[in-house]
Amino acid sequence: MATVDGSGSDGKGPGDDTSVTYYRLEEVAKHNTLEELWMVIHGRVYDVTLFLKEHPGGEEVLLEQAGVDASESFEDVGHSSDAREMLKQYYIGDVHPSDLKPKGDSKDPSRNKSCKSCWAYWIFPILGAVLLGFLYRHYMAESKSS
């Protein structure tokens, strides 16, 4: 854990503090129990321990993401703007910059512009369906002529 002076709240965190507390991912990973539950969402660390009982999806959902980067899961659910606003009160710091993933590191093929074989995901099934259609038609024509 490290504290650095500067405009760390970035308008997203609570209050007008001018310092940011940085947490390493190893430190966040230690806080994964019902007694102390931290998670990372978009590079920011949140202590959601007090929110466990109130979470509409149940505490199990939060426990599954405890101590890890829950950004993808948070976005997949499609949280409302109210939920995002509520999240601010649980903010305790940021992930240490050396632990952040590069922004260009996407495993989603739709976002990866260097995917040279992406067309194979849709062209092969279409060609297969057309081929099966011709084979079926040929088989049906053979069986009617017999």
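## Strands, ring pairs and salt bridges in a predicted model

A search of the whole structure, which is a predicted model, finds six salt bridges.

### Salt bridges

| Salt bridge | N to O separation |
|---|---|
| Asp-99 and Arg-24 | 3.0 Å |
| Lys-53 and Glu-59 | 3.2 Å |
| Glu-75 and Arg-84 | 2.8 Å |

Asp-99 forms its salt bridge with Arg-24, and this pair links distant parts of the chain, 75 residues apart. Asp-99 belongs to the loop between strand 5 and helix 5, whereas Arg-24 belongs to the loop between strand 2 and helix 1.

In the salt bridge between Lys-53 and Glu-59, Lys-53 is exposed, with a relative accessible area of 72%. In the bridge formed by the side chains of Glu-75 and Arg-84, Glu-75 is partly exposed at a relative accessible area of 33%. Arg-84 is likewise partly exposed, its relative accessible area being 32%.

### Strand 5 and its partners

Strand 5 covers residues 91–95. Four of its five residues are buried, so strand 5 is largely enclosed by the rest of the structure. Strand 5 pairs with strand 2 in the parallel sense, over two bridges. In strand 5, Asp-94 is the bridge partner of Tyr-22, and Val-95 stands opposite Tyr-23.

Strand 5 also pairs with strand 4, here in the antiparallel sense and over three bridges. On this side, Val-45 stands opposite Gly-93 of strand 5. Strand 2, which spans residues 19–23, is mostly covered as well, with four of its five residues buried.

### Aromatic pairs

The structure holds three aromatic pairs. One of them joins Tyr-23 and Trp-38: the ring centres are 5.0 Å apart and the planes stand at 70°, so the pair is edge-to-face. Tyr-23 lies in strand 2 and Trp-38 in strand 3 (residues 38–41), so this contact ties together parts that are 15 residues apart in sequence. Tyr-23 is buried, with a relative accessible area of 8%. Trp-38 also counts as buried, at 7% relative accessibility.

Another pair is formed by Phe-51 and Tyr-90, whose ring centres are 5.6 Å apart and whose planes meet at 45°, so the arrangement is tilted. This pair links distant parts of the chain, 39 residues apart. Phe-51 is in the loop between strand 4 (44–47) and helix 2 (59–64), and Tyr-90 is in the loop between helix 4 (81–87) and strand 5. Phe-51 has a relative accessible area of 11% and is buried. Tyr-90 is buried too, with a relative accessible area of 10%.

### Features at the surface

Trp-122, Ile-126, Val-130 and Phe-134 form a nonpolar patch on the surface. Together these four residues have about 440 Å² of accessible area. Val-130 is found in helix 5, which spans residues 120–145. At 42% relative accessibility, Val-130 counts as partly exposed.

Glu-35 lies in the loop between helix 1 (25–29) and strand 3. Is Glu-35 buried or exposed? With a relative accessible area of 65%, Glu-35 is exposed, because the cut-off for that class is over 50%. Glu-35 and Leu-50 are 15 residues apart in sequence, and their C-alpha atoms are 9.1 Å apart in space.

Note on methods
Residues are numbered from 1 along each chain as its sequence is written. This is a predicted model: local features need pLDDT of at least 70, side-chain atom pairs count only at pLDDT 80 or more; totals for chains, interfaces and linings use all residues. Side-chain values use heavy atoms; hydrogens and water are left out. Buried means under 20% relative accessible area, exposed over 50%, partly exposed in between (1.4 Å probe, protein chains only). Two strands pair if DSSP finds at least two bridges between them. Rings of Phe, Tyr and Trp (its six-membered ring) pair if their centres lie within 6.5 Å; planes under 30 degrees apart count as stacked, over 60 as edge-to-face and the rest as tilted. Patches are made of residues with over 30% relative accessible area and no salt bridge: like charges are joined within 9 Å, nonpolar side chains (Val, Leu, Ile, Met, Phe, Trp, Tyr) within 5 Å. Accessible areas come from the Shrake-Rupley method with a 1.4 Å probe; for residues, only the protein chains shown count as cover.
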